[in-house]
Amino acid sequence: MEFLPQGKFMDSIRRRPSDSRIDIPSYISGYVDGEGCFCVSLRPQPRIRVGWEVRPSFSVSQNGDRAELIRLLPEVFGGGTIRPDRSDRTLKFEIRSLDLLLRSVIPFFEMYPLLSSKRNDFELFRSVCVKMSEGMHLEPEGLITVADLAQRMNSGIRKYALDVVIASVRR
């Protein structure tokens with residue numbers, strides 16, 4: 001799947017002279033490498049057959065006084081929200097829509113790869129999103145697979161440990 005940049009902002013970038021020294025998509029990738037997060041959270045949800053809701057999200061935070069790039073990201077990715085993050089007084093751009101993650105975010109970072117170890121989190125994140133698009137997270141064994149992938153992301157810090165998810169699914 002090829003990433004197709006979105007909106008007027010990206011159209012104006014494509015019209016820049018070929019000698020432009022700024023490669024905005026690569027800049028965004030580097031920015032996300034430092035300030036972004038690919039996350040998959042799980043939470044108990046009794047209304048779902050397997051008892052757990054899986055919530056993938058891509059986010060980028062920045063201090064409000066330096067948030068010019070944050071304000072461009074909804075146009076670059078074709079959606080998402082910007083909101084104040086009360087925990088650290090920053091602005092946070094976030095995409096939670098599985099469709100938008102699959103259609104825009106994942107292809108973008110395939111085309112403009114991350115260079116730090118955050119790339120591993122992205123690879124795990126992509127695997128989870130693909131498995132979700134196939135409905136795997138709605139079956140017990142698929143949910144366990146998704147929970148295992150999520151556990152390996154972002155240093156493995158989770159509110160609900162993998163063994164808790166496994167125990168609840170296999171009851």
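**A close look at one strand**

Reply: Start with a pair: R83 stands opposite K92 in β4. This is a predicted model. Keep that in mind throughout. The strand to follow is β4, residues 90-95.

β3 covers residues 81-85, and five bridges join β3 to β4. The two strands run antiparallel. They form a hairpin, with four residues between them. R89 sits in that turn and has a positive phi of about 60°.

β4 has another partner. Strand β2, residues 52-63, is joined to β4 by six bridges. β2 and β4 also run antiparallel. Here V60 stands opposite F93 in β4.

Now look at the side chains of β4. T90, K92 and E94 point one way. L91, F93 and I95 point the other way. Are these residues buried or exposed? All are buried, whichever way they point. Six of the six residues of β4 are buried, so the strand is largely enclosed by the rest of the structure.

Step back to the whole chain. The protein has seven helices and four strands. Along the sequence the pattern is α-α-β-β-α-β-β-α-α-α-α. Of the 171 residues, 43% are buried. Take the contacts between residues at least 6 apart in sequence: 60% of them join residues at least 24 apart.

Next come two helices. Helix α4 spans residues 98-111, and helix α5 spans residues 118-133. They pack at an angle of about 145°, with their axes 11 Å apart. Their crossing is left-handed. From α4, the contact uses L98, L101, L102, I106, F109 and E110. From α5 come F122, F125, R126, C129, V130, M132 and S133. The residues of this contact divide into 10 nonpolar, one polar and two charged.

Consider C39. Its closest cysteine sulfur is in C37, at 5.1 Å, which is too far for a bond. The cut-off for a disulfide is sulfur atoms within 2.5 Å.

To close, return to β4. β2 and β4 are joined by six bridges, and β3 and β4 by five.

Key: Residues numbered from 1 in each chain as written. Predicted model: local features only at pLDDT ≥ 70, side-chain atom pairs only at ≥ 80, totals over all residues. Heavy atoms only, no water. Buried < 20%, exposed > 50% of the residue type's maximum accessible area, 1.4 Å probe, protein only. Pairing = 2+ DSSP bridges. Axes fitted to C-alpha atoms, helices over the stretch in contact; angles between N-to-C directions. Left-handed = near helix turned anticlockwise from the far one by under 90°. Contact = heavy atoms within 4.5 Å. Nonpolar A, V, L, I, M, F, W, Y, C, P; charged D, E, K, R; others polar.
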